[in-house]
Amino acid sequence: MTEILLIRHGETDWNAEKRLQGHLDIGLNAEGLRQACAVGQALLNEPLDAIYASDLQRAKHTAQAIATPRGMTVQIDVGLRERCYGAFEGLRHADISERYPKEFAAWRAREMDARYPDGKNVAETLREFSARVLTAITDIVTGSQHKKIVIVTHGGVLECVYRAATGIGYGSPRDFDILNASINRLVWNGDCMQVIQWSDVTHLVSTALDEVDK
């Protein structure tokens, strides 16, 4: 049995602007850095065997805020990257809808085999992306004897994991939150993942209140 603390990276300016990031390497903004520190403080007293992160800096820096106060290192896994969206990357949602209406509709419908036009990077289909990230996480939990680990990654990865753990197919609307710097707790029972707690952001609220009180 392995407990997984699945954490989405802190906020970036592109998150705030609803601009799609994908494989583009966008850093945390000031709020994202605050959120990362808050996650690190919230987990400081929890025993952790390892900390893993995507190689993109928004995930790496969030993970580092957890690792540094504990004297731990972050293990990088490229398989934990966000989905690659090709030509969509760098655009706001409204811009994608205007420039690529057919492809935008396929994205919103979560069509498993839709491939978007190439941009700086070659887009992945949802089926390819889901297989990649679920394989990466399975390899992490089965490749060690760790009892509790942190995985810092991206919103698309969280959606894939939640749907895999709950059995909710991609054809169903998303009725669960995917929030920046949220702590999402799952367990790996040797065969599959199960959700224990989802989208906990109480550490962000309490940190904000503490700053006001000061």
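Helices (H or I, at least four residues) and strands (E, at least two) are taken here as DSSP runs, numbered from the N terminus. The model is predicted, so local features need pLDDT of at least 70 and side-chain atom pairs count only at pLDDT 80 or more, while totals for chains, interfaces and linings use all residues. Residues are numbered from 1 along each chain as its sequence is written, and side-chain values use heavy atoms, with hydrogens and water left out.

Alanine 181, in the loop between α7 and β5 (183-188), has a positive phi of about 60° despite not being a glycine. Alanine 181 is also buried, at a relative accessible area of 0%; buried means under 20% relative accessible area, exposed over 50% and partly exposed in between, with a 1.4 Å probe and protein chains only. Serine 199, another non-glycine, likewise has a positive phi of about 60°, but sits in strand β6 (residues 193-200). With 13% relative accessibility, serine 199 counts as buried.

On to helix packing. Helix α2 (residues 30-42) packs against helix α3 (residues 57-67) at an angle of about 35°, their axes being 7 Å apart. Axes are lines fitted to C-alpha atoms, for helices over the stretch in contact, and angles run from 0 to 180 degrees between N-to-C directions. On the α2 side, Ala36, Cys37, Val39 and Gly40 meet Thr62, Ala65 and Ile66 of α3, where contact means heavy atoms within 4.5 Å. That set splits into five nonpolar, two polar and no charged residues; Ala, Val, Leu, Ile, Met, Phe, Trp, Tyr, Cys and Pro count as nonpolar, Asp, Glu, Lys and Arg as charged, and the others, Gly among them, as polar. The buried residues of α3 are Arg58, Ala59, Thr62, Ala63, Ala65, Ile66 and Ala67, and they pack against β1 (2-8), α2, β2 (50-53), β3 (74-76) and β4 (148-153).

As for open space, a pocket is an open set of points on a 1 Å grid over the protein atoms alone, where a 1.4 Å probe fits, with protein on both sides within 12 Å along at least five of seven lines; lining residues have an atom within 4 Å of a point. The largest pocket is lined by 26 residues, and Leu20, Tyr85, His93, Trp107 and Arg174 lie nearest its centre. Elements giving two or more residues to this lining are α1 (13-16), α5 (101-108), α6 (126-142) and α7 (155-166), with the largest share, four residues, coming from α7. By type, the lining of the largest pocket holds nine nonpolar, eight polar and nine charged residues.
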